[in-house]
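Hello,

Here is the structure I promised to pass on to you. Have a look at it first, and then read on for what turned up.

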Amino acid sequence: SGSGTDPAEPSPPSWRRRPGEGAYARSEAERRYLCREVPPGATGPRRILDRYLRRTNLRLRLMSSGREVTYKLGQKMRPRADDPGLVMITNLYLTVGEYAVLAGLEADELEKTRFDLHEEGRRFTVDRFEGAWSGLVLDEEQVEGGEGVGGLPGFALAEVTGDDRYSGGRLAAASEPERRALVARLG
């Protein structure tokens with residue numbers, strides 16, 4: 001069967017990988033929180049335009065801060081389809097020309113301003129969404145081993161890690177009624 005567990009059976013070639021596997025894919029575990037606003041003390045704002053390429057697991061990103069601009073293509077794969085808090089991510093950094101070619105592909109867009117926040121001995125990334133998602137603020141905390149370092153941060157309304165509707169690709173593709181329902185949670 002080629003499983004590699006029996007020495008008489010050959011192992012699959014080292015070059016054969018599925019998406020989300022291999023030396024260049026890294027694990028990204030995070031907790032996600034819904035916030036009413038960007039917490040005081042957040043720093044380092046940068047603008048992000050994410051383009052989720054339709055019918056793929058690919059995200060094209062343009063990130064800018066002042067005169068610095070970064071272009072990248074990322075692939076996000078979930079080891080478990082039912083766990084939006086854990087993904088395997090592979091990034092490829094692009095030239096402006098490469099970005100322009102890929103930006104011509106059909107995609108769902110998501111615009112946001114990202115901030116860094118160090119509070120309660122923890123590090124957070126806070127996204128204030130714009131455009132169709134104006135009013136939505138989500139906070140992400142990278143976690144080791146899938147476990148958070150603390151409970152709900154004082155500035156957060158609710159944890160939404162397990163709610164796939166708050167993942168980037170789902171937000172980008174959401175309909176107007178879906179947007180209204182999620183933003184209404186801000187009360």
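**What was found**

The accessible surface of the protein chain comes to about 10900 Å², and 51% of that belongs to carbon and sulfur atoms. Please keep in mind that this is a predicted model.

Let me start with the overall layout. The protein chain has three helices and nine strands, and along the sequence they follow the pattern β-β-β-β-β-α-β-β-β-β-α-α. The chain has 187 residues, of which 36% count as buried. Among contacts with a separation of 6 or more, 60% link residues 24 or more positions apart.

Leaving aside residues up to four places away in sequence, Leu 171 touches Leu 110, Phe 129, Trp 133, Leu 136, Leu 138, Arg 165, Tyr 166 and Leu 182.

The largest pocket holds about 1000 Å³ of space. It is lined by 47 residues, and Glu 28, Glu 30, Tyr 52, Arg 59 and Lys 76 are the closest to its centre. What is the lining made of, in terms of nonpolar, polar and charged residues? There are 16 nonpolar, nine polar and 22 charged residues in the lining. Strand β6 (residues 107-119) gives the most to this lining, with seven residues.

Enjoy exploring it!

Best wishes

Note on methods
Residues are numbered from 1 along each chain as its sequence is written. This is a predicted model: local features need pLDDT of at least 70, side-chain atom pairs count only at pLDDT 80 or more; totals for chains, interfaces and linings use all residues. Side-chain values use heavy atoms; hydrogens and water are left out. Contact means heavy atoms within 4.5 Å. On a 1 Å grid over the protein atoms alone, a cavity is a set of points where a 1.4 Å probe fits but cannot get out, and a pocket is an open set with protein on both sides within 12 Å along at least five of seven lines; lining residues have an atom within 4 Å of a point. Grid points are joined across faces, edges and corners, and a volume is the space filled by probe spheres set on the points. Helices (H or I, at least four residues) and strands (E, at least two) are DSSP runs, numbered from the N terminus. Ala, Val, Leu, Ile, Met, Phe, Trp, Tyr, Cys and Pro count as nonpolar, Asp, Glu, Lys and Arg as charged, and the others, Gly among them, as polar. Buried means under 20% relative accessible area, exposed over 50%, partly exposed in between (1.4 Å probe, protein chains only). Accessible areas come from the Shrake-Rupley method with a 1.4 Å probe; for residues, only the protein chains shown count as cover.
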